[in-house]
Amino acid sequence: MKRNLFSALLLLLTVVAFTQCKKDEYEIIQITKMITVEQMRALPVGLTKAVPAKKTGKIYIYNDYLFINEPGEGIHIYNNVNPGSPVSIAFVQVPGNVDLAIHNNILYADSFIDLLAFDISNIGSIKQVKRVNDVFKQVYSAGAQKFLYITKDTLVKKQVYKGSGYKDAVAYSNSASQSSSSGQGGSMARFTLMNDYLYTVGMNELSLFDVKTASNPSFIKSINLGWGIETIFPYENKLFIGTNTGMHIFNATDAANPVKLSTYSHVFACDPVVVQGKFAYVTLRTGTACRLGSNQLEVIDIEDPTKPKMIAFYPMQNPHGLSVAGNNLFLCEGNFGIKSFNIADNKAIGNNMLQHLQNIKSYDVIAGPKSLIVTGDDGVYQFNYSNAANIRQLSVIKVQK
């Protein structure tokens, strides 16, 4: 009976996922299936030749390299010595991957329920050095037997299926770090590094990994945070965790035992956060998972991290990721482009927009040492932002749809 019910459910999911492509000749469907944990761990993992990305997810910079996640598939690596001409050099196949972080030449990446570690000290010979099993358990299906739901996008002509790669049906996501031995990610990160610890957030928990020996990450524990956890950002021994109802602040001076200091609450809305000095900058947006929210930028005074308080808010169109560099804030507006603001007076940000580039779809942004890196639906853009009022495009890595 249960097997028949599940088969009927899969059929329904397949039918519901139909989308039209090329009139009546071809169409793309998403076929949902379940695989066992053993089957998941038998999927190919590791370095392959460079291939074009079909979709972009998280972005991360480390030394002169740019890492671009392709959700569910793996990580594209670009030599970014010259941001005006990034060179695709490799692809690390990681089934079910959504997030990444790098510490002391070790790349950490989620693979469904597991954490994988890769030695990238030689980019031409990247090797997996460890797999930490069963640490992202919210990806499991319900039931006594451990299964994972996966989907695959399939281009079909009539009823003839032509398969493509696997894609994770459940996403986590991101990363940002201050350490010189680590890299830098965007505001949408769910992975971050600080004080020789890797911190990850899932749907309802904060997980800790000891990475003092970078090639040998070890799981320490998980801390329940309640539902709706979205992003994590580190700043001066504190962790700022964005949720769809607010922002948690943790003191991580004792890196193995972060302590919750406070929670700043707001209406139900998607919520990435970045921090500079005694202020946190939070975007709230409406959308599929944030339908009750507002579209705005909030400035939060965190001088006393036990009592965060909003000092200003500014209406936006549909804000996503953001990044701060000096007196400038760069804010992704989804389908409405990307904006730059002067934030020297953070009580007057709304009157100090410097530029609005409307011709790109933007999701997340990193104000890096060489370029402003912006990711969107159609690719990853890099800009010269030495003058935040006159951002100039340097290059674009287009996705191959």
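1. Phe219 is partly exposed, with a relative accessible area of 34%. The cut-offs here are under 20% for buried and over 50% for exposed, with partly exposed in between (1.4 Å probe, protein chains only). Phe209, by contrast, counts as buried, at 0% relative accessibility.

2. A word on conventions: this is a predicted model, in which local features need pLDDT of at least 70 and side-chain atom pairs pLDDT 80 or more, while totals for chains, interfaces and linings use all residues. Residues are numbered from 1 along each chain as its sequence is written, and side-chain values use heavy atoms, leaving out hydrogens and water.

3. How many aromatic pairs does a search of the whole structure find? The search finds six. For Phe209 and Phe219, the ring centres are 5.5 Å apart and the planes meet at 65°, so the pair is edge-to-face. This pair links distant parts of the chain, ten residues apart: Phe209 sits in strand β18 (residues 205-210) and Phe219 in strand β19 (residues 218-224). Tyr381 and Phe383 form a stacked pair, at 6.2 Å centre to centre and 15° between the planes. Both Tyr381 and Phe383 are buried. For the criteria, rings of Phe, Tyr and Trp (its six-membered ring) pair with centres within 6.5 Å; planes under 30 degrees apart are stacked, over 60 edge-to-face, and the rest tilted.

4. Ring pairs also join Phe136, Phe191, Phe209 and Phe219 into a cluster.

5. Strands are DSSP runs (E, at least two residues), numbered from the N terminus, and two strands pair if DSSP finds at least two bridges between them.

6. β8 pairs with strand β9 (residues 106-111) in the antiparallel sense over four bridges. The bridge partner of His103 in β9 is Ile106.

7. Lastly, His320 lies in the loop between β27 (309-315) and β28 (322-325). Is His320 buried or exposed? At 11% relative accessibility, His320 counts as buried. Residues that His320 touches (heavy atoms within 4.5 Å) include Met188, Pro272, Cys332 and Tyr363. The His320 side chain also makes a polar contact with the side chain of Arg285, at 3.3 Å. Such a contact is a pair of N or O atoms within 3.5 Å; within protein, one must be able to donate a hydrogen and the other to accept it, and residues adjacent in sequence count only if both atoms are side-chain atoms.

Technical notes
Lists of a residue's contacts leave out its neighbours within four places in sequence.
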